[in-house]
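Subject: Structure handover

Hello,

Please find the structure below, with the sequence. My notes on what turned up follow it.

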Amino acid sequence: MRRVVILAGGVGGSRFTLGVREALRRRGEAHQITVIANTGDDLWLSGVRLQPDIDSLLYALAGVNDTERGWGRAGDTERVNAELQAWGGGWPWFTLGDLDLGTHLARTGWLRDGATVSEVVARLNGRWDLGARILPMTDAEVDTIVHLRDGSRMHFQEWWTRHRAARAPERFVNPGIEQAHPAPGVLEALAEATDVLIAPSNPVVSLGPILAVPGIREALALAPAPVVGVSPVIGGAVVRGMADVCLPTIGVETSAAAIAGLYGARDRGGLLDAWLMAEEDVALAPGVAAGGIDVSVVPLWMRDADTSAALGDAALSVRDDEGFAG
Ligand code: GDP
Ligand code: CA
C-alpha cells in the first residue's frame with residue numbers, strides 16, 4: 001500500500017494533488033492520499049467561515065471546480081452575493097458564489113454546533129468520492145495577517161484580492177500559531193507515509209503556515225519516507241499568481257534553487273531529500289545538489305491531466321528509484 005502525504009495550498013496544491021492521484025491510478029498501485037492543507041487563508045466574512053485552500057482542494061478533487069476562473073464552483077451564480085453587497089455586507093472586491101455560500105453555511109453551522117475544524121473538514125470530505133483525504137494543518141484559528149511596510153495590517157485575503165498583492169508587505173504572521181497543534185491525524189500520516197510530497201505551492205503563505213505549526217517540521221524530519229519537493233518557480237518566475245511578491249519578505253529570491261535552499265536538505269537539518277526542478281532551470285541543478293538535495297530535472301508545467309500526472313509520477317519515482325524501504 002502506497003501511503004502518500006502531500007503538503008499543499010490551494011490552486012498549485014490542487015493541481016499537483018490531482019496529478020499524483022492520476023499517476024497512482026495509472027500505475028494501478030493500491031494507495032491512500034492524505035493532503036495536509038494550509039488553513040492560514042481562512043477567514044470570517046459576514047458571519048461565515050471561509051477556507052479557501054481547503055475548498056480549492058475539495059472542489060478540484062470532486063471535479064466540481066470552475067477550471068476557467070480558477071476558483072469556486074463550476075456554473076456558480078452570484079444572486080446572494082449581489083444582495084449581500086446591496087446591504088453593504090461582505091467585501092465589494094470579494095465574490096461569494098451561491099453554491100460556495102452553501103459550503104460556507106454548512107461549515108459555519110457545524111462549527112457553531114461545536115465541531116472542531118477537523119471534524120468539519122471530514123464532513124466536507126464525505127460528500128464526494130475524492131480519492132484522497134484532506135486534513136487541515138491544525139484545528140486552531142491562525143489566519144494569516146499581512147504587516148505592510150506602511151505600518152498598516154490586514155487579513156491576507158484582503159491584501160491578496162483587494163490590493164492584488166500590490167502594497168509592499170513587510171511580513172506575514174499567523175497569530176497564535178506558536179500554541180497551535182497539528183490537527184488529529186497529521187503526525188500519524190507523516191509517520192506512516194511511504195512518500196511525503198511538498199506541492200509547488202506558495203512557499204511563504206501556503207507552505208509557511210503549515211511548516212510553522214509546532215510539531216510538523218519535527219515529524220517531517222523523522223518521517224521514514226523520502227520528502228520530495230516540487231518547485232513553484234519555473235525559469236525564474238512563479239507560474240501562476242503572485243508568490244514572487246511574498247518571497248522577498250523572507251529574503252528569498254524567486255528562483256528554484258533559492259526555494260530549495262529555504263527548505264534545506266533533510267540530512268543537514270532541513271526538509272528535503274529530493275527536489276524537482278524544471279528543464280528551464282537546469283543550470284541551477286548542480287548548486288542545489290551541492291546543498292545535499294537530490295535533484296530531478298523534469299517538466300513542471302501542469303497544463304492538463306497528462307502533464308500533471310507525469311509530474312505526480314516523477315515525484316513518486318524518487319522513492320522507487322532510491323529503493324526506500326516501506
Ligand atoms: P493558492 O493557495 O491558491 O495561492 O495556491 P498554492 O499556494 O497551492 O499554489 C500557488 C503556486 O502554484 C504559485 O506560486 C505557482 O508558482 C504554483 N503553480 C501554479 N501552477 C503551477 C504549475 O503548473 N507548475 C508548477 N511547478 N507550479 C505551479
Ligand atoms: Ca492559498
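By class, how many nonpolar, polar and charged residues does the shell around ligand 1 have? There are 10 nonpolar, 8 polar and 2 charged residues. Bear in mind that this is a predicted model.

Ligand 1

The shell around ligand 1 counts 20 residues, and S201, S206, P232, R240 and L300 come nearest. Of the structural elements, helix 1 (residues 11-27) gives the most to this shell, namely 3 residues.

Several polar backbone atoms sit close to oxygen atoms of the ligand:

- V11: a polar backbone atom is 2.8 Å from an oxygen atom of ligand 1.
- G13: a backbone N or O atom is 2.9 Å from an oxygen atom of ligand 1.
- M302: a backbone N or O atom is 2.8 Å from an oxygen atom of ligand 1.

On its own, ligand 1 has 590 Å² of accessible area, and the protein covers 93% of that.

Calcium ion

Ligand 2 is a calcium ion. Its protein donors are D41 (OD), D53 (OD) and D53 (OD), at 2.1 to 2.6 Å. D41 belongs to the loop between strand 2 (31-37) and strand 3 (43-45), while D53 is in helix 2 (residues 52-62), so the pair ties together parts that lie 12 residues apart in sequence.

Are D41 and D53 buried or exposed? D41 has 8% relative accessibility, which is under 20%, so D41 counts as buried. D53, at 5% relative accessibility, counts as buried by that cut-off too.

Regards

Conventions: Residues numbered from 1 in each chain as written. Chains lettered and ligands numbered in written order. Predicted model: local features only at pLDDT ≥ 70, side-chain atom pairs only at ≥ 80, totals over all residues. Heavy atoms only, no water. Near = heavy atom within 4 Å. Polar contact = N/O pair within 3.5 Å; in protein donor to acceptor, adjacent residues only side chain to side chain. Areas by Shrake-Rupley, 256 points an atom, 1.4 Å probe, with all protein chains shown as cover. Helix = DSSP H or I, 4+ residues; strand = E, 2+ residues; numbered from the N terminus. Nonpolar A, V, L, I, M, F, W, Y, C, P; charged D, E, K, R; others polar. Donors = N, O, S within 2.8 Å, 3.2 Å for Na, K, Ca; no water. Buried < 20%, exposed > 50% of the residue type's maximum accessible area, 1.4 Å probe, protein only.
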